[in-house]
Amino acid sequence: MNSATLEDMRTTLRGPVIGPRDAEYDQARKIYNAMIDKHPAAIVRCADAADVMAAVTYVRDHGLELAVRGGGHSGPGLCLVDDGVTIDLSPMRGVRVDPAAQTAQAGGGAQLGDLDHATHAFGLATPTGIISMTGVGGLTLGGGHGYLTRKYGLTADNLIAADVVLADGSYVTANADEHPDLFWALRGGGGNFGIATSLTYRLHPVDTVGVGVTVWPVEHTREVLAWYRAFLPQAPEDVYGFFAVFVVPPGPPFPEELHRQKVCGIVWCHTGDLDRLDETLSVVNEAGPPAFHFTTPMPYVGLQSMFDELIPAGYQWYWRGDFFDHIPDAALDVHLKYGENNPTQLSLMHLYPVDGAAHQVGPDDTAWSYRDAVWSGVFGGVDPDPVNAGAIRQWCVDYQEELHPYSMGGSYVNFMGTGEGQERVRATYRDHYDRLARVKRTYDPDNLFHANQNIAPARG
């Protein structure tokens with residue numbers, strides 16, 4: 001892209017168009033994962049939906065490569081494209097709450113922290129992820145799960161409308177009545193069908209929740225996970241806990257003797273009676289005496305940002321995922337092995353529950369195709385030092401591949417890493433893939449939106 005083309009784009013758009021020679025370029029192309037080092041020809045920071053429409057039209061008419069950035073949290077860096085155009089929604093972060101209707105409309109560039117801040121003022125929330133810097137757009141389009149999923153379902157289950165700019169530059173609203181096929185696809189089908197400039201969510205009464213953190217020495221991983229796999233699926237939907245193998249960070253609330261120790265543990269969120277928090281979580285002793293057990297009431301918005309400082313933007317990341325409907329004894333040994341051989345202080349494995357209310361939605365009601373999954377697992381190699389990029393990637397790949405035979409075959413699309421191949425995309429969507437390909441043919445027949453975990457348009 002030459003300077004004349006950049007200037008032409010600048011006259012078309014209200015927001016700034018940033019090129020490689022601009023002083024802010026290097027900062028503008030940074031995303032959450034520092035392992036990604038891509039160089040777009042232009043980064044278009046859209047001020048509003050009209051800018052997005054104009055940018056899409058310009059990119060299409062000039063035959064340019066296109067990527068879309070919401071929160072910039074994409075692990076494989078799909079929000080950037082070398083030598084093409086990144087449509088950056090980050091200026092579009094506004095959130096409007098309707099407390100009477102219990103809904104919230106968030107801009108396509110909003111992050112979870114923006115949505116949580118706005119809704120918490122009214123004692124309301126919708127299920128999202130666990131890192132407040134995550135973009136709501138990418139999270140929602142992939143399905144979205146977190147602390148409220150067992151109680152209120154996936155993020156996509158609580159999406160009631162989306163404003164979308166399509167590949168031809170037109171603007172539509174998708175909901176249960178308007179463009180229902182597109183609305184179905186947006187709830188789990190990723191960024192394949194257009195650019196969501198705003199998303200409207202159903203909200204639920206959530207204010208202060210019970211938070212717990214329980215850890216055991218890593219050598220107890222087998223026993224603790226065996227207890228957890230039996231306890232969690234039959235627990236009340238007010239009880240949420242994700243299982244993890246990790247290294248204890250040096251700081252509160254952990255005692256000094258546990259700092260930098262390899263452990264397994266569970267992070268709890270209890271949306272029931274706070275007076276019964278300690279009683280409810282006292283069951284952890286059934287797994288064996290923990291090395292540390294901490295509970296406290298906490299504003300939900302505080303829980304949502306609890307891990308932000310631990311894993312801030314700008315670290316090296318590589319992640320993969322898999323869905324699981326059970327955890328056999330052989331898998332317990334794999335988790336123990338990789339927990340004991342964790343390569344860095346920040347590398348981790350999490351098993352997030354996706355049962356409860358998420359199982360109450362019909363298997364074909366949305367594009368999310370794993371309504372029978374009980375856990376969504378993520379394997380994350382993390383470190384601030386680029387020197388360790390190879391080691392954290394290898395640990396993650398080996399861990400996931402050794403557990404994969406015990407998985408359901410596919411992965412949460414937002415946990416898919418680089419280099420996993422098209423068959424993994426098909427496995428992620430199972431029987432929904434062909435239907436998604438037909439929706440893709442209707443709304444993006446030339447596959448303009450292909451910088452994603454791509455679903456090719458159906459032939460014919």
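Because the model is predicted, local features need pLDDT of at least 70 and side-chain atom pairs count only at pLDDT 80 or more, while totals for chains, interfaces and linings use all residues. Residues are numbered from 1 along each chain as its sequence is written, and side-chain values use heavy atoms, with hydrogens and water left out.

The chain splits into domain 1 (3-88), domain 2 (95-205 + 429-443) and domain 3 (208-415), with bounds that come from an automatic or database domain assignment. Taken over C-alpha atoms, the centres of domain 1 and domain 3 sit 35 Å apart. Nine residues from domain 1 and eleven residues from domain 3 take part in the contact, where contact means heavy atoms within 4.5 Å. An unreviewed UniProt entry carries the annotation "domain: FAD-binding PCMH-type" over residues 36-206; UniProt positions are given in the numbering used here, feature names are shortened, and annotations may be inferred rather than shown by experiment. Over that stretch, residues 36-206, the chain is 23% helix and 26% strand, and the end C-alpha atoms are 36 Å apart. Helices (H or I, at least four residues) and strands (E, at least two) are DSSP runs, numbered from the N terminus.

Now for the empty spaces. Rolling a probe the size of a water molecule over the atoms shows where empty space is left. The search runs on a 1 Å grid over the protein atoms alone: a cavity is a set of points where a 1.4 Å probe fits but cannot get out, a pocket is an open set with protein on both sides within 12 Å along at least five of seven lines, and lining residues have an atom within 4 Å of a point. Grid points are joined across faces, edges and corners, and a volume is the space filled by probe spheres set on the points. For the linings, Ala, Val, Leu, Ile, Met, Phe, Trp, Tyr, Cys and Pro count as nonpolar, Asp, Glu, Lys and Arg as charged, and the others, Gly among them, as polar.

Two cavities of 30 Å³ or more turn up in the structure. The largest cavity holds about 60 Å³ of space. Its lining includes G142, G188, F323, W368 and Y429, and by class the lining of the largest cavity has seven nonpolar, five polar and no charged residues. Domain 2 (95-205 + 429-443) and domain 3 (208-415) both give residues to this lining, so the largest cavity lies between them. The second largest cavity has about 40 Å³ of space, and is lined by F324, H326, I327, P328, A331, H335, L351 and Y406. Six of the residues lining the second largest cavity are nonpolar, two are polar and none is charged.

As for pockets, the second largest pocket has about 250 Å³ of space. It is lined by 14 residues, of which D26, Q27, R29, K30 and I31 are the closest to its centre. Helix α2 (residues 25-28) gives the largest share of that lining, three residues. Five nonpolar, three polar and six charged residues make up the lining of the second largest pocket.

Two buried residues deserve a look. G143 lies in the loop between α5 (136-142) and α6 (149-152) and has a relative accessible area of 0%, so it is buried; buried means under 20% relative accessible area, exposed over 50%, partly exposed in between (1.4 Å probe, protein chains only). Not counting residues up to four places away in sequence, G143 touches L154, T155, A156, G188, W368 and Y412. T149, in helix α6, is also buried, at a relative accessible area of 0%. Leaving aside neighbours within four places in sequence, T149 is in contact with P127, L154, P353, V354, D355, A357 and A358.

Most residues other than glycine have a negative phi, and most peptide bonds are trans. Q102 has a positive phi of about 55 degrees although it is not a glycine; Q102 sits in the loop between β5 (95-98) and β6 (103-107) and is partly exposed, with a relative accessible area of 31%. H179 also has a positive phi, near 50 degrees. The loop between β9 (171-174) and α7 (180-186) holds H179, which is partly exposed at a relative accessible area of 32%. Finally, the peptide bond from P252 to P253 is cis, with omega near 5 degrees, and P253 lies in the loop between β13 (239-247) and β14 (262-270).
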